[in-house]
Amino acid sequence: MLRHLMYKIKSTGPITVAEYMKEVLTNPAKGYYVHHDMLGEKGDFITSPEISQIFGELLGIWFVSEWMTSGKSTAFQLVELGPGRGTLTGDILRVFNQLGSVLKNCDISIHLVEVSQKLSEIQALTLTEEKLPLERDAESLVYMKGVTKSGIPVSWYRDLKDVPKGYSFYLAHEFFDVLPVHKFQKTPQGWREVLVDIDPQVSDKLRFVLAPCATPAEAFIQHDERRDHVEVCPNAGIIIEELSQRIALTGGAALIADYGHDGTKTDTFRGFCGHQLHDVLIAPGTADLTADVDFSYLRRMAQGKVASLGPVEQRTFLKNMGIDVRLKVLLDKADEPSSKEQLLRGYDMLMNPQRMGERFNFFALLPHQRLHAASQERNARQSKTPASSVPGFDELVWQ
C-alpha cells in the first residue's frame with residue numbers, strides 16, 4: 001500500500017486526505033476493509049453490538065416502535081449501511097422474532113450495503129441458515145442473496161443507490177466515521193487543504209503539507225466558519241441527501257450512531273491498530289482510519305426534505321430506550337456469575353461517560369409529518385411524554 005501511494009504521489013503530486021483514506025481503506029487490491037476482519041478482541045477495535053446484545057435489542061425496539069407509530073405498514077425494509085459482522089442486524093432480528101405477534105402481518109426484508117467481500121461472508125455466516133445455499137452473482141447490483149435463520153429474505157449491495165426504494169428503516173452504526181474527509185487549515189491567505197506528500201528527508205515516509213492555493217473541496221466549508229481547522233466529508237452529504245429523499249418519498253426513518261460532534265471539533269483524524277491509537281501515515285493499510293462525524297453538516301444536508309433529531313449522547317439515548325430495565329431482566333435470568341459480570345461490563349462500556357457513553361451520539365432522520373404529529377399530540381395532551389414523542393430522543397412510553 002505504501003509503495004502504491006508513493007507511486008501515485010510521484011506521478012500526480014500530493015493527494016488529498018480524502019483520497020488517502022479511500023485508497024487505504026477500500027482499495028480493491030490492498031484496502032484495509034477489503035481484506036481484514038478488523039472487529040472484536042483480535043481486531044483493531046470493538047463496536048457496541050460486539051460488546052452487548054442489549055444495544056441491538058434496544059435499536060430493534062426503536063424500529064418496531066417507529067413502525068407502530070407511523071401506522072403499521074404491511075411491509076418494511078431494514079437497510080443497514082456497513083453492517084460489520086452482522087451482529088447488530090442479528091440482535092435486531094431476534095427482537096423482531098420475539099415480537100412476532102405484533103409483526104405477524106408485516107412483510108420484512110433485510111438489505112445490507114457492504115463493499116467488503118470478506119465481511120459480507122462473515123455477515124452471511126452470522127445471519128443465514130447454512131442449510132439454504134446463498135445465491136451469488138458478482139455482476140449483479142444484488143451480489144448475494146439468502147434467507148435469515150428466522151426465514152426473512154436478506155440481500156447484499158455495494159451501494160445504497162442500488163437498494164430498492166420503498167418504506168424502509170435505515171441504520172448506520174459506525175459507518176459515517178470511516179467515510180473519507182478533506183482537511184483544511186485556515187492561513188493568512190485563506191483556507192488551504194491539508195495534503196499527503198512524500199517526506200523529502202526520508203524516502204519511504206509520508207508527511208502532511210498544505211496546498212499552495214485553493215482546492216475544489218473548499219466549497220464545502222461554511223462561509224461563517226469560525227474554527228481554524230475543519231474536516232469536511234462530501235460523501236456523508238451525498239448519503240444523507242439520498243436517505244432524505246427516500247424517507248420524504250416513501251416514509252420510514254434513519255438512525256445514525258457514531259463518534260461525533262455538533263460542528264465544534266477540529267482535528268479528529270486518527271488511526272487504530274490492535275486497539276491502540278496509530279499514526280495515520282505509518283504502515284497504511286494495516287490500521288483503521290477514522291474521523292469524527294460532524295452532525296451539524298448532516299443536519300444541513302437533510303434540511304428541507306426531512307426532519308432531523310439529535311445528536312444525543314449514547315447514554316441518554318439508551319437510558320430513554322429502557323436499558324436499565326432490560327439489564328435487570330437479563331441479570332435476573334443469568335445463572336452464571338460470569339454471565340452477570342459480562343452483562344455489567346458491557347453496560348459500563350456502553351453507558352460510562354469516560355468510555356462510549358458520551359463519545360457516541362445518536363442522530364435520526366424522520367418525515368416532517370412524524371414530528372408534526374408528535375408536537376400536535378403534545379399540545380393536545382399537555383404531557384411531557386406523549387405516545388408519539390420519538391423514543392431515545394424522548395423517553396420511551398409503551399401504550
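Is Gly190 buried, exposed or partly exposed? Let's start there and then walk through a few other spots in this predicted model.

Gly190 is partly exposed, because its relative accessible area of 24% falls between the 20% limit for buried and the 50% limit for exposed. You will find this glycine in strand 9, which covers residues 190-198. In sequence, Gly190 and Cys213 are 23 residues apart, while their C-alpha atoms lie 9.0 Å apart in space.

## Glu218, a loop residue

Next comes Glu218, located in the loop that links strand 10 (206-210) and strand 11. With a relative accessibility of 25%, Glu218 is also classed as partly exposed. Setting aside neighbours within four places in sequence, Glu218 makes contact with Phe184 and Trp191.

Another pairing to look up in the viewer is Glu218 with Glu193: 25 residues separate them along the chain, and the C-alpha to C-alpha distance is 7.6 Å.

## Glu66, a buried charge

Where does Glu66 sit? Its place is in helix 5, spanning residues 53-69. Glu66 has a relative accessible area of 2% and is therefore buried, the limit for that class being under 20%.

The side chain of Glu66 has a partner: a polar contact of 2.8 Å joins it to the side chain of Arg370. Beyond the residues up to four places away in sequence, Glu66 touches Tyr167, Phe169, Leu366, Arg370, Val390 and Pro391.

## The cavity

How many cavities of 30 Å³ or more does the structure hold? There is one, and the largest cavity has a volume of about 120 Å³. Its lining is made up of 15 residues, and those closest to the centre are Val181, Cys233, Asp292, Val293 and Asp294.

Three elements each supply at least two residues of this lining: strand 11 (229-232), strand 16 (293-294) and helix 10 (295-302). Sorted by class, the lining of the largest cavity contains ten nonpolar residues, one polar residue and four charged residues.

## Cysteines

Cys233, one of the residues closest to the cavity centre, is buried, with a relative accessible area of 9%. Cys273, by contrast, is partly exposed at 28%.

Definitions and conventions:
Residues numbered from 1 in each chain as written. Predicted model: local features only at pLDDT ≥ 70, side-chain atom pairs only at ≥ 80, totals over all residues. Heavy atoms only, no water. 1 Å grid on protein atoms, 1.4 Å probe; cavity = no way out; pocket = protein on both sides within 12 Å on 5 of 7 lines; lining within 4 Å. Points joined across faces, edges and corners; volume = space filled by probe spheres on them. Helix = DSSP H or I, 4+ residues; strand = E, 2+ residues; numbered from the N terminus. Nonpolar A, V, L, I, M, F, W, Y, C, P; charged D, E, K, R; others polar. Buried < 20%, exposed > 50% of the residue type's maximum accessible area, 1.4 Å probe, protein only. Polar contact = N/O pair within 3.5 Å; in protein donor to acceptor, adjacent residues only side chain to side chain. Contact = heavy atoms within 4.5 Å.
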